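Subject: Structure handover

Hello,

Here is the structure you are taking over. Please open it first, then read the notes below it.

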Amino acid sequence: MMNIKHTKIALLLAMSASMTLVGCGSGSDGEDGDAGNPGGEPAETIQTLNLDITDVTYQDNKPTVTVFATNQSDLPIVGLTEIEVKKVVQLIPAGASGAGNAAQWQYIGSQDAFTDLGNGKYTFTIDVEGFNSELTQRYNVISSASTLLDGVTTAPRAEITEDFDGEGYTAKYTKNVVSDATCNSCHAEGESIYHSYTDLTTCISCHTNEMAIEKDKVQVDFSHLIHNVHNNAKMYGRNLDKSAEAAHALVQDNCSTCHVESEQLTEWNNWTRIPTMETCSSCHTDIDFKTGEGHSQQADNSNCVACHNASWTETLHISAFSEKQTLINQYGMSAMLVANKATDDDMSATLSVTLTDANGTAIDATTLVSKIQRIETITNVGPNFPIMGYNASPGSGLAKISKDLVKVGQLQTDVSIVDGKLVYTIASLPFGSGDTDTAFSFIGLEMCSNGNEAIDCVDGVDTTSMKAELAHATLSGDTPSYRHIDSVNFGSCESCHGETFELHKGYHAGFIMTEQLGRELNGKMTVGVDGCVTCHTPDGTYASGGNQGALEMKLHSVHGEQGIIKDCTQCHDDFNLDAFKVKGALATSAGLYTTPITATCASCHGFDEISQHATSQGAIVNGSYQEANDAAQLETCFYCHAPTIENHTEVKF
């Protein structure tokens, strides 16, 4: 008996007679091709390979699986050469393998031999061992990047995993704790992470508890491994020489970062309901359950839930983050910056900061100062190309870029409270014309805290970084110049870092990525990283140009080094190429500068790699400031290059 899971296959096959078969093509006159070239010339290169498991049938407990392959135009693909059923696993329900054990995937077979039916369908008949028709069966199919049978047409890599019941129909239950979408909020969709595989379900199908027992390595089990590689409690990898420092800095042991409630995930709260030694030991490395070190002695998982019930487990693991979010939501800020012109030699600006409650109502700062660890302000001039350095050089006459209004519960020098607002005058700002007619201040708030409450600041007390704010002012009184914020998708920053991620805490007050930085342009609320350039100036930050500190480079170099950047669309909404028209030299090495387009591109592609080509197009690479700044608008990069987020290598012809 054949059981068809997807009824769409009937329609597709009915249409296939009139469709071009990708990889075969058809004769130009609609008839068969030449004897040596059946079907005519191959179709164009396949941009996307889509796989779907359309049929699963059983005979004598041996499954036959049909996979349907199509391209980006939904045309069937014929002639795949590197397609296989990588894993067949079945789901042992929770408790079935032992009291207290979580549901576990069990490997029962694989198959790389197939029959190409010539219409986009490929069938696999699989010898399985231990098949149980009462269990959910999972089929993991992988087609590696390869050339089709025609020897010309190439096909990209693709993966798919689908679950069925023991008769080939839709699975009645499965173990779906975390979604691919959650992983892809940080990891680039379709890109490999450690092995060559790209899908969460592929990882789970391989890293089974069965494999861990076979290899005598608990860290191989997915429920252990996935926690291990996102917290820095211990090393991981084949040789246990890999660190999760970067991932841990993002996730910060916040279970709810990945364990997100979802109607599509029937087992999303599995992590609270079924605690196991295998999972818990991935983070709690000071425990040896077998010997009773750091925990009562446990031979198995049968007694775990007796103490670690779901409510207690959830509260213990996420209460601190929930309380932090509650505190962050209790307070906010608004700010006003007003330019003053006493004389031509004394151009200053007055910053007023209003503390607000959860409803946006002003709070008298006098009542909150004792609870504030730090209110830090950072001011610069020229939002699109800031002209002040992170630290003002001695003798420059410029005001220092940063100033604390409050520190450890104390009002700081030259700061006053007027009508409940914190007020400070920033002296000697280098206002000018155009972009430099605008000064802008970035303000960060850090409060002393105990759980979800703000408390008086004393030595050793915990602190929480709160919301940030941004204010602009012009010397002329005209509308401020705003930095372009249509390139970076701020939501992508937040999706990875989270709303409670305390950016630069310790060095600064810590900046929380929330809608607080939003401002309305053309009737649309937009959010960007424009506040970051108050520090990440063309001259860099505290380490000068040696760390490529300008924002145009810093985000690329840091995320590139950590292997986060795989695709421009991960972070970008668009490329605002016109923004380069108002930029100048960027510090790219200690005391050396590069023209802005080249510096930005090289932060991903490498300075040595593109230097020769760039200099031939008018760029200056690691020259003097004067050279690079004079040549900033002479680069001819965009005469040929027309990068888009979908294809940043696009060129004009």
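Predicted model: local features only at pLDDT ≥ 70, side-chain atom pairs only at ≥ 80, totals over all residues.

I start with a sheet. Strand E2 and strand E6 (residues 121-125) run antiparallel and are joined by 5 bridges.

Val56 has Val65 in E2 as its bridge partner. E1 and E2 form a hairpin, and 2 residues lie between the two strands. Asp60, in the turn, has a positive phi of about 55°.

On its other partner strand, E6 is paired with E5 in the antiparallel sense over 2 bridges.

Is strand E2 mostly covered or mostly open? Strand E2 (residues 62-70) is mostly covered, with 7 of its 9 residues buried.

On the salt bridges

The count of salt bridges comes to 14. One of them joins the side chains of Arg374 and Asp404, with 2.8 Å from N to O. Arg374 belongs to strand E14 (residues 372-381) and Asp404 to strand E15 (residues 402-407), so this pair ties together parts that are 30 residues apart in sequence. Both Arg374 and Asp404 are buried.

Asp404 has a salt bridge with Lys407 as well, and the closest N and O atoms of that pair are 3.8 Å apart. The two partners do not fall in one burial class. Asp404 has 13% relative accessibility and therefore counts as buried, the cut-off being under 20%. Lys407 has a relative accessible area of 39%, so it is classed as partly exposed. Salt bridges that share partners join Arg374, Glu376, Asp404 and Lys407 into one network.

Another salt bridge is the one between Asp578 and Lys581, whose closest N and O atoms are 3.2 Å apart. Are these two residues buried or exposed? Asp578 and Lys581 are both exposed.

On Ser492

Ser492 sits in helix H11 (residues 490-497). Its relative accessible area is 13%, so Ser492 is buried. A polar atom of the Ser492 side chain lies 3.3 Å from the backbone oxygen of Gln570. With neighbours within four places in sequence left aside, Ser492 is in contact with Gln570 and Cys571.

On helix H13

Why is helix H13 described as largely enclosed by the rest of the structure? In helix H13 (residues 596-605), 7 of the 10 residues are buried, so the helix is largely enclosed. The buried residues are Pro596, Ile597, Thr598, Ala599, Thr600, Ala602 and Ser603. What covers them includes helices H12 (551-561), H14 (607-615) and H16 (637-640). Strands E24 (586-589) and E25 (592-594) are also part of that cover. After H13 comes Gly606, which has a positive phi, near 95°.

On the whole chain

How many helices and strands are there in the protein chain? The protein chain has 16 helices and 25 strands. Of its 653 residues, 46% are buried. If you take the contacts between residues at least 6 apart in sequence, 65% of them join residues at least 24 apart. The protein chain exposes about 31,900 Å², and carbon and sulfur atoms supply 50% of that area.

After that, go to Asp404, which has salt bridges with Arg374 and Lys407.

Regards

Notes
Residues numbered from 1 in each chain as written. Heavy atoms only, no water. Salt bridge = Lys/Arg side-chain N within 4 Å of Asp/Glu carboxyl O. Helix = DSSP H or I, 4+ residues; strand = E, 2+ residues; numbered from the N terminus. Buried < 20%, exposed > 50% of the residue type's maximum accessible area, 1.4 Å probe, protein only. Contact = heavy atoms within 4.5 Å. Areas by Shrake-Rupley, 256 points an atom, 1.4 Å probe, with all protein chains shown as cover. Pairing = 2+ DSSP bridges. Polar contact = N/O pair within 3.5 Å; in protein donor to acceptor, adjacent residues only side chain to side chain.
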